[in-house]
Amino acid sequence: MKEIRNIAVIAHVDHGKTTLVDELLKQSGTFSAHQEVDERVMDSNDIEKERGITILSKNTAIDYKNIRINIIDTPGHADFGGEVERVLKMVDGVLLLVDAQEGVMPQTKFVVKKALSLGLKPIVIVNKIDKPAAEPDRVVDEIFDLFVALDANEEQLDFPVIYASAKNGFAKYNLEDENDNILPILETIIKHIPSPSGDINNPLQLQVFTLDYDNFVGKIGIARIFNGKVTKNQPVTLIKADGEKINGRISKLIGFLGLERIDIQEAECGDIVAVAGFETLDVGDTLADPANPIALDPLHIEEPTISVTMSVNDSPLAGTEGKYVTSNKIEERLKIEMQTNIAMKYEKMEENSFKISGRGELQITILAEKLRREGFEFLLGRPQIIIKEINGVKMEPYEHLVIDVPDEFSGTVIEKLGRKKAEMISMIPTGDGQTRIEFEIPARGLIGFRSQFLTDTKGEGVMNHSFLEYRPIVSGIEKRTNGALISMENGEALAYALFNLQDRGTLFIKPQDKVYVGMIIGEHSRPNDLDVNPIKGKHLTNIRSAGADEAIKLVPPKIHTLESALEWIEEDELVEVTPKNIRLRKRYLDPNIRKRMAKQKKS
């Protein structure tokens with residue numbers, strides 16, 4: 001029987017988790033010498049590669065000194081907190097990565113709190129020590145203070161510290177040591193992380209923590225074996241969260257090594273494997289011995305806090321750019337997504353629309369981005385928070401917000417957040433002309449704030465937030481102050497018309513873009529909406545005069561991404577998403593119906 005260690009790599013977004021796992025794979029000899037390997041090899045899908053963030057937790061395994069080390073790379077973004085939470089139940093220790101310059105961030109607190117409450121042993125890695133502004137000693141003190149504040153036990157407080165630069169491929173026990181490899185991390189894992197508990201002679205108990213899907217074998221559950229051993233074709237009992245039992249057999253048993261998935265015949269307790277054979281498999285389900293079926297504790301999955309309405313595209317340009325436009329196709333695709341993405345839910349609404357709920361805007365826009373790349377066309381409404389009723393009181397989600405801003409912008413940011421009903425908890429100058437300010441803010445107040453924040457801080461501000469708790473609803477949160485410029489004609493936009501309109505506000509379109517009645521072509525510089533004609537050409541005569549043909553100079557338009565478009569729109573507006581374009585439009589395209597609806601709303 002092989003010795004095993006199970007660890008998860010946890011950290012705030014962009015502190016270097018995936019880069020570190022890369023180096024561990026390379027330097028442990030898991031990749032053969034001739035193998036070509038990409039950078040951030042664990043971020044496997046296109047969106048992860050482009051954005052440089054991990055969206056789905058992924059596992060790999062390293063064999064080092066005859067010990068199998070199962071490593072799970074987790075997402076660092078707050079919207080994927082549910083993913084991290086489940087993973088932590090499957091491991092016996094964590095590698096906590098902290099940036100040597102940024103120090104402890106909101107997501108660091110969130111994941112550390114979960115890890116400590118489960119009694120896991122931490123190994124602290126102070127990463128990016130090669131940064132010019134790195135302060136490793138201050139960061140270690142911050143981490144110790146955080147552990148104390150989160151009621152860590154004596155054993156957890158006595159954590160080993162390793163200083164590393166994952167990008168440059170080295171790690172060391174002390175800052176003054178000379179070392180050019182990452183092996184101190186592997187040595188520390190073997191020394192400090194306990195072997196998995198459980199007994200090979202007990203009846204089988206195996207719990208699923210992540211799902212995958214394969215067109216040939218169906219649903220695949222990635223699971224940890226807590227007791228006993230499992231073999232291919234073994235008869236087992238699937239125990240669902242509600243206690244329902246289903247008998248079946250394991251049709252496929254898969255082991256991990258590096259990036260490879262290998263068909264194996266058997267695996268023993270403590271190991272992490274993938275199993276197939278049950279179509280009704282879900283996260284948290286237990287596979288047990290049919291003779292003695294004992295369920296493990298079900299996994300708690302965080303509830304969604306935000307929802308968006310997705311509906312069939314009914315604009316005049318519908319069906320001209322996408323391949324799949326009907327509600328049946330959209331529903332089919334959402335069903336497939338929900339099979340593996342358990343932090344999201346969807347329900348069918350009236351009039352060909354679906355309500356999609358998730359943990360944050362990023363999670364929902366990533367799903368929308370996946371769909372548009374696959375050829376889908378649809379409309380998205382403004383994100384809404386999910387309100388809960390607790391003891392007869394209506395409650396809304398609050399977020400813990402941490403911002404780092406240059407000193408000269410801190411006043412502006414505090415004033416703007418005050419209008420969003422944010423409460424300031426602390427304000428600490430971090431040196432080098434920066435200030436770190438912490439707030440508690442209703443999640444509603446953060447919708448649409450990011451783009452305004454980047455403008456106010458000239459792109460230098462950094463904001464991070466994580467879910468805090470539910471609190472009673474507050475009123476009076478400020479909304480978008482500017483109106484929209486709305487097209488009153490169908491056709492193609494002309495440079496001459498746009499030149500005359502650019503004084504009225506910020507344009508979102510360029511010449512030759514297709515427009516239709518009710519489409520939003522820009523942001524008005526005043527609070528009211530304004531109907532404009534973007535296709536009006538120049539009236540030509542046969543008289544020429546000096547200065548009549550002045551050159552048309554156009555300001556480049558503001559091009560919206562999916563996130564910025566969703567943040568910008570109000571309740572009566574929609575985002576039209578197609579494989580080629582992201583357009584903004586009014587919910588009711590006809591100006592007369594819009595006026596009637598506005599009157600009804602007022603009365």
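Author: A residue counts as buried when its relative accessible area is under 20%, as exposed when that area is over 50%, and as partly exposed in between. The model discussed here is a predicted one.

Reader: Why is Phe376 called buried?

Author: The relative accessible area of Phe376 is 5%, and the cut-off for buried is under 20%, so Phe376 falls in the buried class.

Reader: What makes Tyr324 partly exposed?

Author: Tyr324 has a relative accessible area of 23%; because the partly exposed class lies between the limit of 20% for buried and the limit of 50% for exposed, Tyr324 is placed there.

Reader: What makes Phe449 and Phe453 an aromatic pair, and how are their planes set?

Author: The centres of Phe449 and Phe453 are 5.7 Å apart with 40° between the planes, and because the limit for a pair is within 6.5 Å and the tilted class begins where the stacked class, under 30 degrees, ends, the two form a tilted pair. Both residues belong to helix 12, and because they are four residues apart there, about one helical turn separates them. Phe449 is buried, with a relative accessible area of 1%, and Phe453 is buried with a value of 1%. Elsewhere, ring pairs join Phe144, Phe147 and Phe159 into a cluster.

Reader: How do you know that the charged end of Arg224 sits over the ring of Phe226?

Author: The charged end of Arg224 is 4.8 Å from the centre of the Phe226 ring, and the distance limit is within 6 Å, with a further condition of within 35 degrees of the ring normal; the contact is listed as sitting over the ring. The charged end of Arg471 likewise sits over the ring of Tyr398, 4.8 Å from the centre of that ring.

Reader: What makes strand 4 mostly covered?

Author: Seven of the seven residues of strand 4, residues 93–99, are buried. In a regular strand the side chains alternate between the two faces of the sheet. Here Gly93, Leu95, Leu97 and Asp99 are buried on one side, and Val94, Leu96 and Val98 are buried on the other.

Reader: How do you know which strands pair with strand 4?

Author: Strand 1 pairs with strand 4 in the parallel sense over five bridges, and strand 5 pairs with strand 4 in the parallel sense over seven bridges; because two strands pair if there are at least two bridges between them, both pairings qualify. Val94 is the bridge partner of Ala8, and Pro122 in strand 5 is the bridge partner of Val94.

Reader: Why is the lining of the largest cavity described as nonpolar?

Author: The lining consists of Ile10, Val94, Leu96, Val112, Ala115, Leu116, Pro122 and Phe147; because Ala, Val, Leu, Ile, Phe and Pro are among the residue types that count as nonpolar, the division is eight nonpolar, no polar and no charged. The volume of this cavity is about 30 Å³, and helix 4 gives the largest share of its lining, three residues.

Notes:
Residues are numbered from 1 along each chain as its sequence is written. This is a predicted model: local features need pLDDT of at least 70, side-chain atom pairs count only at pLDDT 80 or more; totals for chains, interfaces and linings use all residues. Side-chain values use heavy atoms; hydrogens and water are left out. Buried means under 20% relative accessible area, exposed over 50%, partly exposed in between (1.4 Å probe, protein chains only). Helices (H or I, at least four residues) and strands (E, at least two) are DSSP runs, numbered from the N terminus. Rings of Phe, Tyr and Trp (its six-membered ring) pair if their centres lie within 6.5 Å; planes under 30 degrees apart count as stacked, over 60 as edge-to-face and the rest as tilted. On a 1 Å grid over the protein atoms alone, a cavity is a set of points where a 1.4 Å probe fits but cannot get out, and a pocket is an open set with protein on both sides within 12 Å along at least five of seven lines; lining residues have an atom within 4 Å of a point. Grid points are joined across faces, edges and corners, and a volume is the space filled by probe spheres set on the points.
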